[in-house]
Structures are given as structure tokens and as C-alpha cells.
Amino acid sequence: MTQIKIFDTTLRDGEQSPGVNLNQLEKLEIAKQLERLGVDVMEAGFPASSQGDFDAVKKIADTVKNSTVAALARANKHDIDRAYDAIKNANKKRIHVFIATSPIHMQDKLKKTPEEVTKTAVEMVSYAKSKCEDVEFSAEDASRSDLEFMATVIEKVIEAGATVVNLPDTVGYTTPKEYGEMFRYMKENVKNIDQVDLSTHCHDDLGMAMANSVAGVQNGATQVEGTINGIGERAGNVALEELAVAFEIRKDFYPYYTEMTLNEIKRTSDIISQLTGMAVPGNKAVVGRNAFSHESGIHQDGVLKNAQTYEIITPEMVGVQSNNLVLGKHSGRHAFQDKIAQLGFDLSEEKLSEAFLAFKQLTDRKKEVTDDDLFVILTDIQTDISHRKQYQLKTFQVHYQTDTSPSATVELITPDNETVKGNKTGSGSVEALYNTIESLISENIELTDFNLSSIGKGKDALAEVHISMLVDGEHVNGRSTAQDVLEAASAAFINAVNRVFIKKKLN
Ligand SMILES: CC(=O)SCCNC(=O)CCNC(=O)[C@H](O)C(C)(C)COP(=O)(O)OP(=O)(O)OC[C@H]1O[C@@H](n2cnc3c(N)ncnc32)[C@H](O)[C@@H]1OP(=O)(O)O
Ligand SMILES: CC(C)C(=O)C(=O)O
């Protein structure tokens with residue numbers, strides 16, 4: 001059996017998903033969970049891209065102990081310096097330098113000749129190596145590059161000190177046969193190729209990311225790059241949880257294994273979905289809501305007689321638990337603390353008190369508090385940096401009546417601690433609320449997406465709202481949960497505005 005190293009890029013390529021922007025605490029929370037999941041490497045970000053990303057990568061590098069923390073850099077000294085400065089305190093660190101090798105990227109984007117690209121790649125790998133022992137080189141758009149040319153670049157970057165060579169299918173264009181042959185070609189034609197880990201990095205534009213990654217592995221790759229839930233640029237990256245479970249379930253066929261702790265998969269998927277606002281489709285392999293549901297009579301009959309008739313993965317394997325209710329109105333702090341630990345949270349005293357208060361408030365309004373409710377509340381509290389010294393919702397009222405335009409009255413506390421009040425109408429209750437809030441803040445806002453879902457089932461289920469908006473021309477997401485739909489909608493709006501506010505202060 002050969003170990004396949006897992007390189008998770010949820011925090012870098014995953015964050016490149018349109019509309020996703022995570023704050024520092026959210027990135028840190030995801031990083032801690034990726035460490036629990038047992039990824040070998042996590043790409044924490046692209047420090048040269050902004051001060052906010054630099055700070056988040058640094059915080060992750062200072063915190064994570066078991067996984068290697070990687071930072072992305074273009075092939076220039078400034079990016080490499082920023083990458084190294086962000087990760088220098090990490091227990092295990094890697095600089096990831098990339099430059100494109102395909103004709104179209106070299107000529108039209110970089111405006112460099114193949115010789116200039118080779119020279120830059122070698123010089124920059126060598127520069128990165130002078131700072132950091134572990135250097136990954138990516139030949140961007142490898143799958144549309146000339147094999148012979150790429151082989152010479154790879155040979156030279158290995159000589160310059162690269163420890164990992166990644167051959168990305170940047171635009172999701174390749175086929176399994178073609179991608180596999182590219183790896184085989186490098187194995188057979190590049191001197192000292194066995195000194196490095198060869199890596200796949202597949203995008204899903206043609207729905208072939210998983211098949212292509214497996215083909216890469218079957219032809220010599222020992223590292224797979226991807227994301228949890230398959231999020232990422234455009235159609236996303238290969239979903240790492242699918243790959244790890246496929247290798248486990250079909251170990252009779254695939255002689256590979258990963259060090260992923262499979263029963264942390266569900267928790268990781270949930271946190272990432274909640275914090276990015278990217279819902280997991282119900283029919284998604286391994287982590288979708290329906291992945292372990294059996295709807296039709298013949299299937300149900302089979303499962304009752306022997307679950308393996310229709311179930312190749314057990315829910316327990318990936319950490320799906322039955323949604324048992326344990327806490328309620330009369331539960332005390334000890335039981336609550338115990339439950340928090342069971343759900344995998346480690347809260348400071350201050351956040352614990354905040355969480356306990358939120359839980360108690362919820363038990364006043366909701367008959368049954370489920371693990372899913374608690375999970376969402378705890379993740380919100382653990383990652384919240386928005387409510388101090390930014391906009392806060394003080395009170396709101398909505399008047400709705402059939403045949404008239406709904407109107408809303410809102411009181412907000414501004415960052416300068418002033419209370420402002422306004423009233424506006426809209427074609428629906430949410431629009432009335434949003435028009436009112438917008439009239440009370442100075443930023444220029446355009447709502448681009450609004451998504452309402454429920455956590456769990458029943459009339460008293462929590463409402464979760466994810467929104468996307470343009471604030472002063474900048475894309476931003478907001479999210480919130482509350483028992484009331486309108487309260488969740490208002491809080492999500494304020495959450496998005498506050499993120500821009502915080503970002504402006506950081507940059
Ligand atoms: C395949 C991938 O996923 S790569 C990662 C993509 N991620 C991102 O782009 C993160 C977000 N990006 C950003 O914040 C910005 O694009 C920045 C900060 C990185 C750069 O911003 P700017 O300096 O304004 O440059 P801009 O993005 O407009 O153009 C990119 C420049 O980098 C150059 N470049 C692109 N890739 C590389 C590379 N690998 N090595 C060296 N230079 C490169 C381009 O040729 C262009 O140079 P030019 O200005 O001389 O034409
Ligand atoms: C930077 C590289 C690895 C990348 O994200 C891609 O080519 O898709």
C-alpha cells in the first residue's frame with residue numbers, strides 16, 4: 001500500500017470560490033478542523049494577495065502543529081518573502097511557488113518566452129529554498145503544456161531544490177488517460193523525479209476532477225491537492241473526502257491509503273459549508289444529506305434485512321451521527337460544557353458564557369435543541385468578530401398586512417456608539433428591513449444573493465440566512481442564524497456590512 005499525502009487547499013483555492021470570503025477567525029476555525037481531519041498539508045492562503053490574508057495565514061501557522069502549513073506565492077521575490085514571513089513560525093512549513101508553463105499562459109498572460117519562464121521558475125524556487133527547506137513548485141496549466149518543455153522545467157526546479165512538483169489541471173480540461181500519461185511521462189523522462197513528491201491538482205469543469213486525480217495517482221503521484229466539499233475556483237476542485245473514502249472502501253482495488261481521520265469528515269464538511277455559505281447539495285457523494293437516506297420501498301426492505309444491500313459506506317465511517325436530542329430547558333452548565341466537548345469545540349471562558357446564554361435563550365423559544373442547532377450556534381460564536389465596535393442591531397419591528405407594502409422600523413447602534421433609527425417600506429418584509437438598514441449606514445450596498453434555509457426539521461427549526469452583496473463595489477458574504485426568519489435576515493445583513501468594515505480597518 002502506498003501512502004497518498006493529502007494537500008488541502010480549502011483555505012486558498014476553496015476561498016477563490018466566487019462570493020466566499022472568510023475572516024481570520026473563520027479561517028482559523030477551519031484550519032483547526034483540517035488538522036483534526038489529519039490533512040498532511042494545508043494551504044492556508046496567498047499572503048501577498050492582501051494584509052488580511054497574510055494575517056490569517058500567520059495566525060494559522062502560529063497555531064497548527066501537526067499539519068504542514070503552506071503559503072502560495074507567484075514566482076517573484078515579493079510574494080515569496082510575504083509567504084515566508086507569514087509561515088515562518090509554523091512547526092512544519094512549505095512555500096508553494098507557481099508559474100504557468102502552457103503556451104497560452106506564457107504568451108498571452110505572462111508575456112514571457114519559455115526560456116524566461118524556465119529561468120524565473122528556477123531562480124524563484126532557488127530563492128524560496130534559501131528561506132524554507134520544503135518548496136513546492138506548480139507548473140500552472142500543466143495539462144495544456146508541452147510535455148517536453150515541462151519536463152525540462154521540472155528537471156531544473158528539482159535541481160534548484162523543489163521537494164514537491166505539482167502538475168495542475170488548472171482549467172479542468174484534461175481526461176483521465178491524458179492526465180495519467182502526463183505523470184508517466186515525467187516519471188520516465190525527468191532526472192531525479194523520484195526525489196520529489198509528484199502532485200495532482202484537478203478542477204472539475206468537465207466533472208472529471210476525481211477520475212483525473214485517481215489517474216494521476218495510478219501513474220506516480222504521491223500527493224493529491226483538493227478541497228473539502230469540492231469548493232474552489234469556478235466548478236471547484238476534487239473533493240478530498242470523496243477520494244479518501246474511495247481509497248478506503250475500494251482498498252481491494254486501489255493499493256493506496258491516506259492518513260485522513262475519516263470520521264471527522266462530516267464535521268469538517270459542515271463547518272466549511274456553514275462558514276463559506278456554500279451549501280452541500282443533498283445528493284453529493286459522502287457528505288450530502290441524502291447520501292445515507294433510502295427512499296424507495298425495495299431499498300428500504302433490503303436495508304432492513306441487511307444494510308449492505310444498498311449501503312457501501314456506513315454513516316459512522318464518515319462521522320454522521322443520529323440527531324439525538326440531549327439538552328433542553330432544564331440543562332445546566334456542566335451538561336452544556338460536556339456537550340460542547342462532544343461536539344468538538346474548545347471555547348474560552350468568555351465564549352462559553354456567551355454560548356450558554358444563547359443556548360438558554362433558545363430553550364425559552366424552542367422545544368427541542370438538537371446537536372445541529374448547537375453546532376451552528378457554537379460555530380457562529382467561535383468565529384464572531386463582528387459585534388464589537390461595529391454596527392449592531394438594537395431593535396426592529398416589521399408591519400405586514402396583505403394588500404399593503406410591508407414597512408420596517410429599525411434601531412441600529414453605529415460604530416461610534418450612537419443609536420440611529422429609520423423606517424422604510426419594501427415589496428416584502430425582508431426588503432423593507434433591508435431598505436431601512438441600508439438607509440441607516442453610509443456604505444453603498446447592492447444585494448446580489450439571499451438564501452434562507454432551516455437547521456433541522458419542524459415548525460420551530462432555526463433559520464439560517466446567507467447573503468452576498470456588493471458593499472462599496474466589494475463582494476462580501478454575510479450569515480446568521482436565529483429562530484425567527486426576519487431576525488436571521490437582518491443579522492446576516494449587518495454581519496456582511498461589518499465584514500467590510502473590519503476588512504477596511506485591517507488593510
Ligand atoms: C491558478 C490559480 O488559482 S493562481 C491563484 C489565484 N489567486 C489569486 O489571484 C488571489 C487574489 N489575487 C489578488 O489579490 C491579486 O491578483 C494579486 C494581489 C495577487 C496581484 O494583484 P496585481 O498586482 O494588481 O496584479 P493582477 O492580478 O492585475 O495581475 C497579475 C500579475 O501577476 C503576473 N503573474 C501571474 N501569475 C504569475 C506567476 N505565477 N508568477 C509571476 N507573475 C505572475 C501577471 O502576469 C500579472 O503581471 P503584470 O501586472 O505584469 O501583467
Ligand atoms: C496555483 C495552482 C496550483 C492552481 O491553483 C491551479 O493551477 O489551479
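Me: Axes are lines fitted to C-alpha atoms, for helices over the stretch in contact, and angles run from 0 to 180 degrees between N-to-C directions. With that in hand, what do the axes of helix α1 and helix α2 do?

Reply: The axes of α1 (residues 24-37) and α2 (residues 51-63) come within 9 Å and cross at roughly 35°. Helices here are DSSP runs of H or I, at least four residues long, and strands are runs of E, at least two, both numbered from the N terminus. Mind that this is a predicted model: local features need pLDDT of at least 70, side-chain atom pairs count only at pLDDT 80 or more, and totals for chains, interfaces and linings use all residues. Residues count from 1 along each chain as its sequence is written, while chains are lettered from A and ligands numbered from 1 in the order in which they are written.

Me: Is the crossing of α1 and α2 called left-handed or right-handed?

Reply: Right-handed. That word is used if the near helix is turned clockwise from the far one by less than a right angle, and left-handed if anticlockwise.

Me: What makes α1 and α2 count as meeting?

Reply: Contact needs C-beta atoms, placed from the backbone, within 7 Å. Q24, K27, L28 and A31 in α1 meet D55, A56, K59, I60 and T63 in α2. By class, this contact has four nonpolar, two polar and three charged residues. Ala, Val, Leu, Ile, Met, Phe, Trp, Tyr, Cys and Pro are the nonpolar ones, Asp, Glu, Lys and Arg the charged ones, and the rest, Gly among them, are polar.

Me: What makes the eight strands a barrel?

Reply: They close up in the order β2-β3-β4-β5-β6-β7-β8-β9, with parallel pairing. From one strand to the next the twist averages 25°. Two strands pair if DSSP finds at least two bridges between them. β7 and β8 (residues 197-202) run parallel and are joined by six bridges, so they pass that test. P168 has H201 in β8 as its bridge partner.

Me: Which strands does helix α6 lie across?

Reply: α6 (residues 147-159) lies across β6 and β7, and runs at about 165° to β6.

Me: Which residues are around ligand 2?

Reply: D13, F98, S138, E140, N166, P168, T170 and H201. A residue gets onto that list with its backbone-placed C-beta within 6 Å of the molecule. β6 (135-140) and β7 (164-169) are the elements giving two or more residues to this shell. The shell splits into two nonpolar, four polar and two charged residues.

Me: How many residues surround ligand 1?

Reply: 15, the closest being S49, R74, A75, I99 and L110. Here β5 (93-100) and α4 (103-110) give two or more residues each. The classes are six nonpolar, four polar and five charged.

Me: Why are β11 and β13 described as standing at the edges?

Reply: The open sheet runs β11-β12-β13 with antiparallel pairing. β11 (392-399) and β13 (419-425) each have a single partner strand, so one side of each is left without a neighbour in the sheet. Neighbouring strands are turned by 15° against each other on average, direction ignored. Helix α15 (residues 429-440) packs on the sheet, touching β11, β12 and β13, and makes about 40° with the direction of β12.

Me: How do you know that β11 and β12 pair?

Reply: Seven bridges link β11 and β12 (residues 407-413) in the antiparallel sense. F396 stands opposite V410 in β12.

Me: And how many bridges do β14 and β15 have?

Reply: Ten, between β14 (residues 445-455) and β15 (residues 462-471), in the antiparallel sense. S454 has A463 in β15 as its bridge partner. The hairpin has six residues between the strands, and G456 takes a positive phi near 80°.

Terms used:
Two residues are in contact if their C-beta atoms, placed from the backbone, lie within 7 Å.
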